[in-house]
Amino acid sequence: MTNPLGQSTGARRGALPEPPTGWPIGSYPTYAEAQRAVDYLSDQEFSVEDVTIVGVNLMQVERVLGRLSWAKVIGGGIVSGAWLGVFFGLLLGIVTGGFLAPLVVGIIGGIIFGLISTSIPYAATRGTRDFASTMQLVAGRYDVLCKPKSAEIARDMLARLAL
């Protein structure tokens, strides 16, 4: 996950990734539960800098959203291109001082760009991928690890959370 504080996570810049280390203090079926456990430790004034959440048994999951057709591809291209055109038209209008002409030019240009940028990739698949989907990386379980110096204390605290 991201680090909202923008601080270094202890890894040296440019260093190769290393597997996480520590003793397991909890195992959870969902990320939300693992996150809740770490949040509980934080609420109890535990030094959470010693804790790591590790996704185990990673899977790539593709969820199919629906069937694609030329009408949907073209419609989506027109709509997304028009929104992009509105944005650029308004920017152009701010820079030039006009309003209506830059907006119309932006929308027309955006629609053309949207049609091209959606139709060519769809045509290139030649019917081998007639569906829309999203991809996710998910884990079978989430283990919470802690540095050995404080793992027993953390495990005891999480045992109280489970009660």
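Analyst: Please note that this is a predicted model.

User: Why is Phe99 called exposed?

Analyst: Exposed requires over 50% relative accessible area. Phe99 has 55% relative accessibility, so Phe99 counts as exposed. Its place is in the loop between α2 (70-96) and α3.

User: What makes the nonpolar surface patch?

Analyst: Leu90, Phe99, Leu100, Val104, Ile108, Ile112, Ile116 and Ile120 make this patch, with an area of about 790 Å². Helix α3 (residues 100-125) contributes 6 residues, the largest share. Residues three or four places apart in an α-helix point the same way, because there are 3.6 residues a turn.

User: Why does Gln60 count as exposed?

Analyst: The cut-off for exposed is over 50%; Gln60 stands at 59% relative accessibility and therefore counts as exposed. This residue lies in strand β2 (residues 51-67).

User: Which residues does Gln60 touch beyond those up to four places away in sequence?

Analyst: Gln60 touches Met135, Gln136 and Leu137.

User: How do you know that the span of α2 agrees with its number of residues?

Analyst: At 1.5 Å a residue, 27 residues should span 39 Å, and the end C-alpha atoms of α2 are 37 Å apart, which agrees.

User: Which residues of α2 are buried, and what do they pack against?

Analyst: Val73, Gly77, Gly81, Ala82, Gly85, Gly89 and Gly93 are buried in α2. The buried residues of α2 pack against α3.

Methods
Residues are numbered from 1 along each chain as its sequence is written. This is a predicted model: local features need pLDDT of at least 70, side-chain atom pairs count only at pLDDT 80 or more; totals for chains, interfaces and linings use all residues. Side-chain values use heavy atoms; hydrogens and water are left out. Patches are made of residues with over 30% relative accessible area and no salt bridge: like charges are joined within 9 Å, nonpolar side chains (Val, Leu, Ile, Met, Phe, Trp, Tyr) within 5 Å. Accessible areas come from the Shrake-Rupley method with a 1.4 Å probe; for residues, only the protein chains shown count as cover. A salt bridge is a side-chain nitrogen of Lys or Arg within 4 Å of a carboxyl oxygen of Asp or Glu. Helices (H or I, at least four residues) and strands (E, at least two) are DSSP runs, numbered from the N terminus. Buried means under 20% relative accessible area, exposed over 50%, partly exposed in between (1.4 Å probe, protein chains only). Contact means heavy atoms within 4.5 Å. The expected span of a helix is 1.5 Å times one less than its number of residues.
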